[in-house]
Amino acid sequence: MNIVIFGAPGSGKGTQSEKLINEYSLHHISTGDVLREHIANGTEIGKVASAIIANGQLIPDNLMIDILADNLKNHPDAIEKGVIFDGFPRTIPQAEALNELLKKEYDSEIHAVVGLEVAEDELVRRMIERGKSSGRADDNLETIQKRLSVYHKQTQPLCEYYKNAGKYRPINGNGTVDEIFGEIKEQLKK
Ligand code: AP5
Ligand code: MG
């Protein structure tokens, strides 16, 4: 099963991905983690991504699509295990490229989109709290506000896109980590 874990910055995508990996042994791709690794290693991609991330904007679609395709190519067992896509897609063109890649290269598809729906003040609270120790260049109030605005403009339209495809599974993302995970498992069983 290939799952997109979808939601605003701070909605719990990474946290719930960890739990899903433990439960179902899926291959996890967090595009944010991949980019932060590039930055830490000082690669060419890292040099491009660094300022964009610190400014709360999105990395260009073509670069992100290449990164994702490379990751799948480098993990030949990924589709067989099932993939959890965390932080990708973030735009309609990314979603369309993902559909095409899965179909063409792997004769596969996205089976469910788990949408973590969290109140905006809670998102801000979580990211400010994490910023006290994360060292992430984007966990400060100014960048958090830009990330949320970019999310509403560029990423949220994907909700409608996946609803129209019959794949969107809304989850109340405001409870405890375990409550939310329980609700995700219920939805995936369906
Ligand atoms: P990315 O790393 O994907 O960041 P994000 O989407 O902004 O989300 P976060 O990772 O901050 O939050 P999360 O939803 O994973 O929540 P988490 O579990 O950590 O992307 C960073 C940047 O990279 C982007 O801004 C962009 O520049 C670039 N980028 C990445 N992908 C891209 C793409 N596809 N296209 C273009 N650009 C791309 O939880 C947050 C905090 O809350 C944690 O501290 C956690 O412990 C806590 N928490 C979690 N659940 C709960 C709970 N239930 N109750 C209380 N606290 C909780
Ligand atoms: Mg994350």
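1. Start with ligand 1: one of its nitrogen atoms sits 3.0 Å from a side-chain N or O atom of Gln-94, a polar contact in the sense of N or O atoms paired within 3.5 Å. Bear in mind that this is a predicted model, where local features need pLDDT of at least 70, side-chain atom pairs count only at pLDDT 80 or more, and totals for chains, interfaces and linings use all residues. Side-chain values use heavy atoms, without hydrogens or water.

2. On its own, ligand 1 exposes 1,000 Å², and the protein buries 87% of that (Shrake-Rupley areas, 1.4 Å probe).

3. There are 30 residues around ligand 1 (a heavy atom within 4 Å). Thr-15, Gln-57, Arg-90, Arg-130 and Arg-147 come nearest.

4. Now the helices (DSSP runs of H or I, at least four residues). α2 (residues 31–41) packs on α4 (residues 61–74) at about 95 degrees, axes 11 Å apart; axes are fitted to C-alpha atoms over the stretch in contact, and angles between N-to-C directions run from 0 to 180 degrees. The pair is therefore roughly perpendicular (65 to 115 degrees). Thr-31, Val-34 and Leu-35 of α2 touch Met-64, Ile-67, Leu-68 and Asn-71 of α4 (heavy atoms within 4.5 Å).

5. α6 (residues 92–106) and α9 (residues 157–164) cross at roughly 35 degrees, with axes coming within 9 Å. Here Ile-92, Ala-95, Glu-96 and Asn-99 of α6 meet Pro-157, Leu-158, Tyr-161 and Tyr-162 of α9.

Technical notes:
Residues numbered from 1 in each chain as written. Chains lettered and ligands numbered in written order. Helix = DSSP H or I, 4+ residues; strand = E, 2+ residues; numbered from the N terminus. Parallel < 35°, antiparallel > 145°, perpendicular 65-115°, else oblique. Polar contact = N/O pair within 3.5 Å; in protein donor to acceptor, adjacent residues only side chain to side chain.
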